[in-house]
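Please look over the sequence and the structure shown here before reading on.

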Amino acid sequence: DGAEDQHRRAQVTCLESAEWHPQYSAGWAGGFCRLTVDCNSPGYSTQLACCRAAYAGQVSGNCLANLPSPPTMSPTDSGGLDVYYPDYTTTWTEAGCINTRP
């Protein structure tokens, strides 16, 4: 039977190659992806692809936090500020305004 052969081939492939799999047993908030051989959950080629597919909208951000270089929820800007403010650390006769980060 063609369907049976296809199922057997899928099982063999599943048992031979490690992929990124969601760890549903950790619950929604604690869920993450692990590189493992697992025939009982969908497998993904990257950890990020697994997180995006299995834990999209995860408020805790736990899956993404487990990435090697996780994104930050509050990125910092680089360079000077967009505003100027008085430089109180310099004497009044020499001070001016600055836009450096405190």
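How many aromatic pairs does a search of the whole structure find? The search of this predicted model finds two aromatic pairs.

**The aromatic pairs**

One of these pairs is formed by Tyr 24 and Tyr 55, whose rings are tilted, with 6.4 Å from centre to centre and 50° between the planes. Tyr 24 belongs to the loop between β1 and α2 (27-30), while Tyr 55 belongs to the loop between α3 and α4, so the pair ties together parts of the chain that are 31 residues apart in sequence. Tyr 24 is partly exposed, at a relative accessible area of 48%, whereas Tyr 55 counts as buried at 5% relative accessibility.

Trp 28 and Tyr 55 also pair, and because their planes stand at 45°, with the ring centres 5.7 Å apart, this pair is tilted. Here too distant parts of the chain are linked, since Trp 28 sits in helix α2 and Tyr 55 in the loop between α3 and α4, 27 residues apart. Trp 28 counts as partly exposed, with 46% relative accessibility. Taken together, Tyr 24, Trp 28 and Tyr 55 make up one aromatic cluster.

**The chain as a whole**

The chain holds four helices and four strands, and from the N terminus on these elements follow the order α-β-α-β-α-α-β-β. Of the 102 residues in the chain, 19% are buried. The chain exposes about 7,700 Å², of which carbon and sulfur atoms supply 55%. Among the contacts in the chain with a separation of 6 or more, 34% are accounted for by residues 24 or more positions apart.

**The disulfides**

The count of disulfides comes to two, and the table sets out their geometry.

| Disulfide | S to S distance | Angle about the S-S bond | Handedness |
|---|---|---|---|
| Cys 33 and Cys 50 | 2.1 Å | -85° | left-handed |
| Cys 51 and Cys 63 | 2.0 Å | -80° | left-handed |

The disulfide of Cys 33 and Cys 50 links distant parts of the chain, with Cys 33 in strand β2 (residues 33-36) and Cys 50 in helix α3, 17 residues apart. Cys 33 counts as buried at 4% relative accessibility, and Cys 50 counts as buried at 0%.

In the disulfide of Cys 51 and Cys 63, Cys 51 lies in helix α3 and Cys 63 in helix α4, so the pair ties together parts that are 12 residues apart in sequence. Cys 51 is buried, with a relative accessible area of 3%, and Cys 63 counts as buried at 1% relative accessibility. Cys 97, by contrast, counts as exposed because its relative accessibility is 54%, where exposed means over 50%.

**The nonpolar core**

Which residues form the largest nonpolar core? This core has seven residues, namely Trp 20, Cys 33, Cys 50, Cys 51, Ala 54, Tyr 55 and Cys 63. Helix α3 gives the largest share of the core, three residues.

Is His 21 buried or exposed? At 1% relative accessibility, His 21 counts as buried, and its place in the chain is strand β1 (residues 19-22). A polar atom of the His 21 side chain lies 3.4 Å from the backbone oxygen of Asp 38. When neighbours within four places in sequence are left aside, the contacts of His 21 include Phe 32, Cys 33, Arg 34, Thr 36 and Asp 38, and they also include Ser 41, Pro 42, Gly 43 and Cys 50.

Gly 61 is found in the loop between α3 (47-54) and α4 (62-65). Because its relative accessibility is 15%, Gly 61 counts as buried. From C-alpha to C-alpha, Gly 61 and Ala 29 are 7.7 Å apart in space, although 32 residues separate them in sequence.

Terms used:
Residues numbered from 1 in each chain as written. Predicted model: local features only at pLDDT ≥ 70, side-chain atom pairs only at ≥ 80, totals over all residues. Heavy atoms only, no water. Helix = DSSP H or I, 4+ residues; strand = E, 2+ residues; numbered from the N terminus. Buried < 20%, exposed > 50% of the residue type's maximum accessible area, 1.4 Å probe, protein only. Contact = heavy atoms within 4.5 Å. Areas by Shrake-Rupley, 256 points an atom, 1.4 Å probe, with all protein chains shown as cover. Polar contact = N/O pair within 3.5 Å; in protein donor to acceptor, adjacent residues only side chain to side chain. Core = buried A, V, L, I, M, F, W, Y, C linked by side-chain atoms within 4.5 Å. Phe/Tyr/Trp six-rings, centres within 6.5 Å; stacked < 30°, edge-to-face > 60°. Disulfide = S-S within 2.5 Å.
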